[in-house]
Amino acid sequence: MRKKLEKSDAEWREQLTPEQYHVTREKGTEPPFSGDHQVSDEQGIYHCVCCGAALFENEHKFDSGCGWPSFDRPLGRETVEEHFDASHGMRRTEVVCSRCDAHLGHVFPDGPQQTTGLRYCINSVALSFHPGE
């Protein structure tokens, strides 16, 4: 297991935009359909906006119609961690970056049945796309 990347609150605030900070460090959510990561055929990898860790592959992205980027699996089992989340009166599974604990979104069991059956519903502002990887 790799060592966690730790930064002070001030360092995160300096590095991230206010919206990125709110979503990734304060477990916020961007409005649906507001992100810039549309489904495309372009090969590439989505990285954590906080620490740069590779998280999701464009090949496993799909249009779920929910308003946020959706993937049927992370890049590898070690790239994300999942935690029980009972906030907002719901029972969900939170997804965080395993390297820096950035809040990414949630995973739900309503994804494509022909693959994993999972839908990793991820905030666009938590990701940076690296085409061609």
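The dialogue below takes labels from this predicted model and sets values against cut-offs.

Student: Why is Tyr 46 called buried?

Tutor: The relative accessible area of Tyr 46 is 2%. Buried means under 20%, so Tyr 46 is buried.

Student: What makes the pair of Tyr 46 and Phe 71 edge-to-face?

Tutor: The centres of the two rings are 5.3 Å apart, and the planes of Tyr 46 and Phe 71 make an angle of 70 degrees. Rings pair if their centres lie within 6.5 Å, and planes over 60 degrees apart count as edge-to-face. The pair of Tyr 46 and Phe 71 is therefore edge-to-face.

Student: Why is this pair said to tie parts of the chain together?

Tutor: Tyr 46 is in strand S1 (residues 44-48) and Phe 71 is in strand S4 (residues 70-71), so the pair joins parts 25 residues apart in sequence. Phe 71 is buried, with a relative accessible area of 0%.

Student: Why is the pair of Tyr 46 and Phe 129 called tilted?

Tutor: The centres of Tyr 46 and Phe 129 are 4.6 Å apart, with 40 degrees between the planes. Stacked needs an angle under 30 degrees and edge-to-face one over 60, so an angle in the remaining range counts as tilted. This pair also links distant parts of the chain: Phe 129 is in strand S9 (residues 127-131), 83 residues from Tyr 46 in S1.

Student: Which class of accessibility does Phe 129 get?

Tutor: Phe 129 has a relative accessible area of 22%.

Student: Which residues form the aromatic cluster?

Tutor: The cluster holds Tyr 46, Phe 56, Phe 71, Tyr 120 and Phe 129. The count of aromatic pairs is 4.

Student: How do you know that a charge sits over the ring of Trp 12?

Tutor: The charged end of Arg 25 is 4.1 Å from the ring centre of Trp 12. Lys 7 lies over the face of Trp 12 too, at 5.0 Å from the ring centre. The distance limit is 6 Å, with a further condition of 35 degrees from the ring normal.

Student: How many disulfides are found in the whole structure?

Tutor: The search finds 0. The sulfur of Cys 51 has its closest cysteine sulfur in Cys 97, 3.6 Å away. A disulfide needs sulfur atoms within 2.5 Å, so that separation is too far for a bond. For Cys 66, the closest cysteine sulfur is in Cys 121, at 3.7 Å, which is again too far for a bond.

Student: Why are Cys 51 and Cys 66 called buried?

Tutor: Cys 51 has a relative accessible area of 14%, and Cys 66 has 19%. Buried means under 20%, so Cys 51 is buried and Cys 66 is buried.

Student: What makes S6 and S7 a pair of strands?

Tutor: Strand S6 (residues 92-97) and S7 are joined by 4 bridges and run antiparallel. Pairing needs at least two bridges, so S6 and S7 pair. Val 95 stands opposite Gly 105 in S7. The open sheet has 6 strands in the order S3-S4-S8-S7-S6-S5, with antiparallel pairing.

Student: Why are S3 and S5 called edge strands?

Tutor: Strand S3 (61-62) and strand S5 (80-85) each pair on one side only.

Student: How do you know that Glu 94 and Lys 27 make a polar contact?

Tutor: The contact between their side chains is 2.8 Å, and the limit is 3.5 Å. Glu 94 is in strand S6 and is buried, with a relative accessible area of 5%. Residues that Glu 94 touches include Lys 27, His 103 and His 106. The C-alpha atoms of Glu 94 and His 106 are 4.4 Å apart, although 12 residues separate them along the chain.

Student: What does the side chain of His 103 reach?

Tutor: The side chain of His 103 reaches the backbone oxygen of Gly 28 at 3.5 Å. His 103 lies in strand S7 and is buried, with a relative accessible area of 2%. Among the residues that His 103 touches are Val 23 and Thr 24, both of which are buried residues of helix H2 (residues 18-26).

Definitions and conventions. Residues numbered from 1 in each chain as written. Predicted model: local features only at pLDDT ≥ 70, side-chain atom pairs only at ≥ 80, totals over all residues. Heavy atoms only, no water. Buried < 20%, exposed > 50% of the residue type's maximum accessible area, 1.4 Å probe, protein only. Helix = DSSP H or I, 4+ residues; strand = E, 2+ residues; numbered from the N terminus. Phe/Tyr/Trp six-rings, centres within 6.5 Å; stacked < 30°, edge-to-face > 60°. Contact = heavy atoms within 4.5 Å. Polar contact = N/O pair within 3.5 Å; in protein donor to acceptor, adjacent residues only side chain to side chain. Lists of a residue's contacts leave out its neighbours within four places in sequence.
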